[in-house]
Amino acid sequence: MVGKVALRALVSALLLACILLSLGTGRVWLDPAVLFGAIFEPKPSLPWLILSELRIPRTILGLLVGASLGLSGAVLQGLLRNPLAEPGLLGVSAGAALGAVIAIYFGLSATFALATPVLGIAGAMMAAALTLSIGRGGTLTMILAGAAVSGLMGAGLSLALNFAPNPSAAYEITIWLLGSLENRDWGQVLLVAPFILIGWLCLALTVRDIDALTLGEAQAESLGVNIARTRWLALAGTALAVGAATAVTGSVGFIGLIAPHLVRPFVGHQPSRVLLPSALFGAILLLFADVATRVIPTAGQEVRLGVLTSIVGAPFFFWLVLKLRRMSP
Amino acid sequence: MAMAVTLVAGVTVAASGRPAQRVAAALPAKPQRIMSTNMCSDLLLLMLVPKERIASVTYLAHDAVEVLMPGADDGVPVNRGAAEEVVQQQPDLILASPWSTPVMRRLAAKVGAPVVEIDSANSFADIRRITRQIGALVGEPERAEALVAGMDRKLAQLERQRPARPIEVVAWSAGDFVPGAGTLTDDIIRAAGAVNLAAQLPDESSSSFGIEELLVARPDSIMRGQTDYSEPSLQDAMSEHPVVRTAFKGRRITYPVFLHTCGLPQSADSAVQLHDALAKLPEGGVAW
């Protein structure tokens, strides 16, 4: 195990590096000195517009979304005692996407800006509740329930696409679902930040109980853990954080799965100690992936964030399944 | 097959004293039941022939018709480009797009209706060619010539009013694609006396233009495509990005998308509108 101080320094350095990279890269290359200088020069100037209106909100959103995914992944894996648990696998992301798509395409978000995050959260909450209630009983049932709920939400998305009033909606929904932080603005950051922060609070409140849950539900209850409350907090927290995040970025998969696994070798397997590092690592991974989408040269469209995380995340998932197979009898 | 044609278009063909069609897909000189399965030819068809001679136009045409020539499609049946409708409507000429379904084409051959593919227009030269082509097909060459002449008058007028300083514009509706060189939009921009910045991009006809690139390009004006679909879309949300709104305050021009996607004689009007709108831009370049 690496020394605590060294680990903290490493994580902080990585996070800072990712933030600076995210502010420094874009479709247009601007000298970092010029960007930095723009802060003190008369406004508005071109670098200042790009920095303040495009790159800073994008970076903040990346931090919020990445940390939400990492944190909820860690809490769900602890709560369910299941290394494959993740908002995406439990159908939460699909539910959030469904809610957001309904809000965007049926004109609700145009008349009422809060509609997108609120419906995203409602969709996420519904999906999470469904998975958690029908999937109780073990790893396999939970994963199956997650697949079923994802399928159901996917069907709902297809239906929304089918009936979308705008003819170009089908194309737009498909692209939007691939996930992206491109061209987001301060309005969107401020819109979802409160929901995400409340979600984090709910998730953080589970910190003591998920340690006791490693012994099993009955044992945890005998230790005085209110399981219903813990489960409800985890569910609400995930739905709030991931639902709101998905509402502005589209689906971004696998970050919630990978982040806890990456930090466990360093901090040990006690669930409560995984939470904060996992959130930070989620943010690092997401920012890094988002920088990559901007740097990878493409002819037209940027590589979408969700596509990139899936390309990297899916092999990791395979590896995890193989590892579990070796471990299980 | 030849019998089928005579039966369908029978009455009028016989009345005009023409002999029965030689082959199934032969073109009648003055078709009486014209079906269009291509939104752009829908509009030209409605301009060229009386309603009675139109079997159907696509369901897509209505919104554009309401803007261009309100009421012109009242009572004209609507199709969805489906193969079955060909059998049902028994047209004697089908104006199709190059992307019409093979099934429809096969069926059209079976019922003996000639299918003519109408290209999409990418320039004013294409518009002249296509308008004349459809005019000839439907037996109304004089009306087609009149439409082309009207368009050319407007273009010549614009040519005389060319602004001294070339104004740089980008047709930027959202983050996705901007029309570059070799598109009708590019030709319309040129006709209006402006320069399409996107035409200088390395990619050929359309390319991607992010907000950052848009800011760096510093166009004098950005043109925003306006569809007649009032339904909300993500695209609208994105072109409303606050930085675009503030950086190009008073420099955003809207244009009707269908006059750019469909090459019509009225596309010249779009160039005139653009010219007038550009004349009202604030002096000098962007402030930042």
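1. Let's start with a sheet in chain B. Five of its strands come together in the order β3-β2-β1-β4-β5, and this open sheet is paired in the parallel sense. At its two edges are β3 (78-79) and β5 (115-117) of chain B, each of which pairs on one side only. Please keep in mind as you look around that this is a predicted model.

2. Strand β1 (residues 34-36) of chain B runs parallel to strand β4 (residues 93-96) of chain B, and three bridges link the two.

3. β6 (residues 167-171) pairs in the parallel sense with β10 (residues 221-226) of chain B over three bridges, and B:Ala171 stands opposite B:Met223 in β10(B). β6(B) also pairs with β8(B), in the parallel sense and over three bridges. There, B:Val169 has B:Asn196 of β8(B) as its bridge partner.

4. Now for the domains of chain B. The domain assignment gives domain 1 (2-118) and domain 2 (161-279). Where the two touch, domain 1 of chain B contributes eight residues and domain 2 of chain B contributes seven. On the domain 1 side, helices α3 (39-48) and α4 (61-68) of chain B each supply at least two of the residues. That side of domain 1 of chain B divides into seven nonpolar residues, no polar ones and one charged.

5. A helix pair in chain B also deserves a look. Helix α8 (residues 141-160) and helix α14 (residues 267-279) of chain B pack at an angle of about 25 degrees, with their axes 9 Å apart. Angles under 35 degrees count as roughly parallel, and α8(B) and α14(B) are therefore roughly parallel to each other. Their crossing is left-handed.

6. Which residues make the contact between α8(B) and α14(B)? From α8(B) come B:Met151, B:Lys154, B:Leu155 and B:Leu158, while α14(B) brings B:Ala268, B:Asp269, B:Ala271, B:Val272 and B:His275. By class, the residues of this contact are six nonpolar, one polar and two charged.

7. Finally, a helix pair in chain A. Helix α3 (residues 46-80) and helix α14 (residues 271-295) of chain A pack at about 140 degrees, with their axes 7 Å apart. The crossing of α3(A) with α14(A) is right-handed. As for the make-up of the contact between α3(A) and α14(A), there are 17 nonpolar, eight polar and one charged residues.

Methods
Residues are numbered from 1 along each chain as its sequence is written. Chains are lettered from A and ligands numbered from 1 in the order in which they are written. This is a predicted model: local features need pLDDT of at least 70, side-chain atom pairs count only at pLDDT 80 or more; totals for chains, interfaces and linings use all residues. Two strands pair if DSSP finds at least two bridges between them. Helices (H or I, at least four residues) and strands (E, at least two) are DSSP runs, numbered from the N terminus. Axes are lines fitted to C-alpha atoms, for helices over the stretch in contact, and angles run from 0 to 180 degrees between N-to-C directions. Angles under 35 degrees count as roughly parallel, over 145 as roughly antiparallel, 65 to 115 as roughly perpendicular and the rest as oblique. A crossing is left-handed if the near helix is turned anticlockwise from the far one by less than a right angle, and right-handed if clockwise. Ala, Val, Leu, Ile, Met, Phe, Trp, Tyr, Cys and Pro count as nonpolar, Asp, Glu, Lys and Arg as charged, and the others, Gly among them, as polar. Domain bounds come from an automatic or database domain assignment.
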